[in-house]
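The tour below goes stop by stop.

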Amino acid sequence: MRKFIYAFLICGIFYFSVSLLSCRAAEPFAYELLEDGTAVVTRYTGRASVVEIPAELGGVPVREIGEEAFLGCERITRITIPEGAVRIGRYAFEYCTSLTSVTIPQSVREIGYGAFKNCVSLKEITLPETLSLLESCVFENCASLERVVFPETAKEVPPGTFKNCTSLREAVLAAETETALEAAFSGCTNLQALGAVKGFGFVSDYAFEGCASLQDFTFEGGTLTIGAGAFSGCRNLNKVRFIGDFNESAIKWGAFYRCPALSSAVLPEGIYRIDGYAFAACPNLKTLWMPDGFYYCLLYTSDAADEL
């Protein structure tokens with residue numbers, strides 16, 4: 001009997017120790033230890049509206065905000081991520097519907113897919129200069145977001161980053177930003193300004209679809225691609241500029257479809273291909289100047305242009 005009790009106690013101690021190593025809690029934060037001796041926050045169980053994530057949990061530094069750690073925490077209005085954290089995981093703060101303010105330290109280098117998706121009360125955010133990886137759809141459906149500041153090192157806006165951010169007026173992009181990927185700003189109906197960006201060299205499919213307040217846009221020389229539906233539904237777009245020398249460039253299907261404010265467009269040398277309906281449903285487009293040397297051009301590019 002005594003041997004049985006000893007064995008039971010030993011097993012219990014072993015099980016308890018393993019549990020502590022795999023998942024620990026420092027109210028109201030659950031966390032796990034990583035192999036490098038740091039911690040990842042796995043879940044927030046508190047009920048506070050203002051949350052400051054501690055820099056240490058269990059005596060070890062917090063390195064990461066884990067996947068879905070604050071998912072659906074509807075009470076939180078403000079949150080501060082500690083200096084020293086390097087990654088915000090996928091869906092970490094999704095559906096924090098009352099969240100209006102987030103402080104992200106300069107130590108953060110990665111923000112995962114959909115990290116702030118559906119944070120419908122979030123109004124403004126500044127991304128750290130140290131950021132090296134911004135995954136897709138990070139701020140999708142943040143309907144109250146009005147302004148965002150990108151780091152100077154950012155050269156692209158990932159897919160769906162600001163999709164359906166209907167209140168977004170200004171995206172302060174770096175001067176060297178040259179790429180907007182698929183649906184990056186799709187549905188941003190109030191977007192008017194893009195910061196200090198010199199000009200885009202690659203605009204992917206539907207990148208600015210439905211940006212009804214966008215009035216002018218600049219493309220920079222090089223190998224330019226304007227994707228399918230990239231500016232479709234930009235009803236106030238009235239000026240398109242091409243700066244520099246272009247080569248092997250293309251305008252894809254429906255790129256400027258339904259841009260009624262566009263009255264003229266002068267395409268530069270180096271654009272060799274224009275797909276169908278690229279300028280269709282542009283009723284005020286009277287002049288479309290195209291240089292020699294086209295490899296491929298569909299004649300139903302615009303249903304309103306009378307000078308080709």
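**Stop 1: Asn118 and its loop**

Select Asn118: its relative accessible area is 10%, so it is buried. This is a predicted model. Asn118 sits in the loop between strand E10 (110-111) and strand E11 (124-126). Check its backbone next. Phi of Asn118 is near 65°, a positive value in a residue other than glycine. Most residues other than glycine have a negative phi.

Now select Lys117, in that loop between E10 and E11, and Glu140, in the loop between strand E12 (133-134) and strand E13 (147-149). The two form a salt bridge, with the closest N and O atoms 3.7 Å apart. They are 23 residues apart and link distant parts of the chain. Lys117 counts as buried, because its relative accessible area of 15% is under 20%. Glu140 is buried too, with a relative accessible area of 11%.

**Stop 2: Ala183**

Move to Ala183, in the loop between strand E16 (179-180) and strand E17 (193-195). Ala183 is not a glycine, yet has a positive phi of about 55°. Buried or exposed, where does Ala183 fall? At 12% relative accessibility, Ala183 counts as buried.

**Stop 3: salt bridges**

The model has 11 salt bridges. Pick Arg87 and Glu110: their closest N and O atoms are 3.1 Å apart in a salt bridge. Arg87 is in strand E8 (residues 87-88) and Glu110 is in strand E10, 23 residues apart. Arg87 is buried, at a relative accessible area of 16%. Glu110 is partly exposed, at 30%.

Then try Glu176 and Lys198. Their side chains meet in a salt bridge at 3.2 Å, N to O. Glu176 is in the loop between strand E15 (170-173) and E16, while Lys198 is in the loop between E17 and strand E18 (202-203). Glu176 counts as partly exposed at 41% relative accessibility. Lys198 counts as partly exposed at 47%.

**Stop 4: an open sheet**

Show strands E4, E7 and E9. What is the order of the strands in this open sheet? The order is E4-E7-E9, with parallel pairing. Strand E4 (50-52) and strand E9 (101-103) are the edge strands, each pairing on one side only. Neighbouring strands are turned by 5° against each other on average, direction ignored.

Zoom in on strand E7 (residues 78-80), which runs parallel to E9 and is joined to E9 by 3 bridges. Select Arg78: the bridge partner in E9 is Ser101.

**Stop 5**

Select Tyr206, Trp253, Tyr257 and Tyr277, which make a nonpolar surface patch of about 410 Å². Tyr277 lies in the loop between strand E24 (271-274) and strand E25 (287-289). Tyr277 is partly exposed, with a relative accessible area of 38%.

Leaving aside neighbours within four places in sequence, Ala228 is in contact with Asp205, Tyr206, Lys252 and Trp253. Ala228 lies in the loop between strand E20 (225-226) and strand E21 (239-246). At 15% relative accessibility, Ala228 counts as buried.

**Last stop: the whole protein**

Clear the selection. The protein has 1 helix and 26 strands. Of its 308 residues, 46% count as buried. The protein exposes about 14700 Å², and carbon and sulfur atoms supply 51% of that area.

Note on methods:
Residues numbered from 1 in each chain as written. Predicted model: local features only at pLDDT ≥ 70, side-chain atom pairs only at ≥ 80, totals over all residues. Heavy atoms only, no water. Pairing = 2+ DSSP bridges. Helix = DSSP H or I, 4+ residues; strand = E, 2+ residues; numbered from the N terminus. Axes fitted to C-alpha atoms, helices over the stretch in contact; angles between N-to-C directions. Buried < 20%, exposed > 50% of the residue type's maximum accessible area, 1.4 Å probe, protein only. Areas by Shrake-Rupley, 256 points an atom, 1.4 Å probe, with all protein chains shown as cover. Patch = residues over 30% accessible without salt bridge, like charges linked within 9 Å, V, L, I, M, F, W, Y side chains within 5 Å. Salt bridge = Lys/Arg side-chain N within 4 Å of Asp/Glu carboxyl O. Contact = heavy atoms within 4.5 Å.
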